[in-house]
Amino acid sequence: MPKVNCSKTYKVPKRPFESERLDQELKLAGEYGLRNKREIWRVGYSLSNIRRAARELLTLDEKDPRRLFEGNALIRRLIRVGVLDESKARLDYVLGLKIEDFLERRLQTQVFKLGLAKSIHHARVLIRQRHIRVGKQIVNIPSFMVRLDSQKHIDFALTSPYGGGRAGRVKRRRAKAAEKGDEAEEEE
């Protein structure tokens, strides 16, 4: 039987009915237009792994080669994604990261912030319906993490009606009906 990749992507909270956490999660889900709580837990899990790595590296000596190499790699990766500011390129600041910093870098949030969508929910629909591209590549995953250098290349897809592609099904049908109506008037 083939080996299946089944590493964990999220971790459920220890206490399922903690009202303070539930309210906070509901607020985040509404603010960033998330589908379910699992999307929040997934980001929280990846953040906890990053913070764990930073904590472990901070216990090592300042001049330790492992701390220098892995610490710089971690910081460089976070800066490239846009989660960490270049002025805060130290391991101490990695521990101060919040879930909101990661949710801010999602494609869904970026499409809304750039004004391509009317609302955060509209942004999700546009992405799922393949109207958005990053560079030359159509991306249909709302949780796609947008890098800083890719941010300026977010636009409507060339095949999309919004990006100057072929008109949509309803518009084509109405144009056809209007064309037939014109022909009927000319015959009379």
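Trainee: Where does K14 lie in the chain?

Mentor: K14 is in the segment before α1. A word on the source: this is a predicted model, in which local features need pLDDT of at least 70, side-chain atom pairs count only at pLDDT 80 or more, and totals for chains, interfaces and linings use all residues. Residues are numbered from 1 along each chain as its sequence is written, and side-chain values use heavy atoms, with hydrogens and water left out.

Trainee: Why is K14 called exposed?

Mentor: Relative accessible area under 20% is buried, over 50% is exposed, and in between is partly exposed (1.4 Å probe, protein chains only). K14 has 82% relative accessibility, so it counts as exposed. From K14 to S143 the gap is 129 residues in sequence and 25 Å in space, C-alpha to C-alpha.

Trainee: What makes R52 partly exposed?

Mentor: The value for R52 is 44% relative accessibility, so it counts as partly exposed. R52 belongs to helix α2. R52 and E31 are 21 residues apart in sequence, with 27 Å between their C-alpha atoms.

Trainee: And how do you know that the span of α1 agrees with what a helix should have?

Mentor: Helices here are DSSP runs (H or I, at least four residues), strands are E runs of at least two, and both are numbered from the N terminus. The expected span is 1.5 Å times one less than the number of residues. For the 13 residues of α1 (residues 19-31) that gives 18 Å, and the end C-alpha atoms are 18 Å apart, so the two agree. Helix α2, with 23 residues, reaches 33 Å from its first C-alpha to its last, close to the 33 Å expected.

Trainee: Which residues of α1 are buried?

Mentor: R21, E25, L28 and A29 are the buried ones in α1. They cover an arc of only 100° around the axis, which puts them on the same side of α1. The arc is taken from the directions that run from the helix axis to the C-beta atoms. The face of α1 turned away from that buried side carries the exposed residues S19, E20, D23, L26 and K27.

Trainee: Why do residues three or four places apart point the same way?

Mentor: An α-helix has 3.6 residues a turn, so residues at that spacing point the same way.

Trainee: What covers the buried residues of α1?

Mentor: The cover includes α2 (37-59) and α5 (99-103), with contact meaning heavy atoms within 4.5 Å. For the buried residues of α2, the cover includes α1, α3 (65-81), α4 (91-94), α5 and α7 (120-128).

Trainee: Which residues of α7 are buried?

Mentor: In α7 the buried residues are I120, A123, R124, L126 and I127. Looking down the axis of α7, they fall within an arc of 165°, so they line one face of the helix. They pack against α1, α2, α6, β1 (132-134) and β3 (154-156).

Trainee: What makes T109 buried?

Mentor: Its relative accessible area is 2%, so T109 is buried. T109 lies in helix α6 (residues 107-113). Leaving out residues up to four places away in sequence, T109 touches Y32, L103, E104 and I120.

Trainee: What makes something a pocket here?

Mentor: On a 1 Å grid over the protein atoms alone, a pocket is an open set of points with protein on both sides within 12 Å along at least five of seven lines, and lining residues have an atom within 4 Å of a point. The largest pocket has a volume of about 610 Å³, where volume means the space filled by probe spheres set on points joined across faces, edges and corners. Its lining has 22 residues, of which K11, G44, Y45, S48 and I99 lie nearest the centre. Helix α2 supplies the largest share of that lining, nine residues.

Conventions: On a 1 Å grid over the protein atoms alone, a cavity is a set of points where a 1.4 Å probe fits but cannot get out, and a pocket is an open set with protein on both sides within 12 Å along at least five of seven lines; lining residues have an atom within 4 Å of a point.
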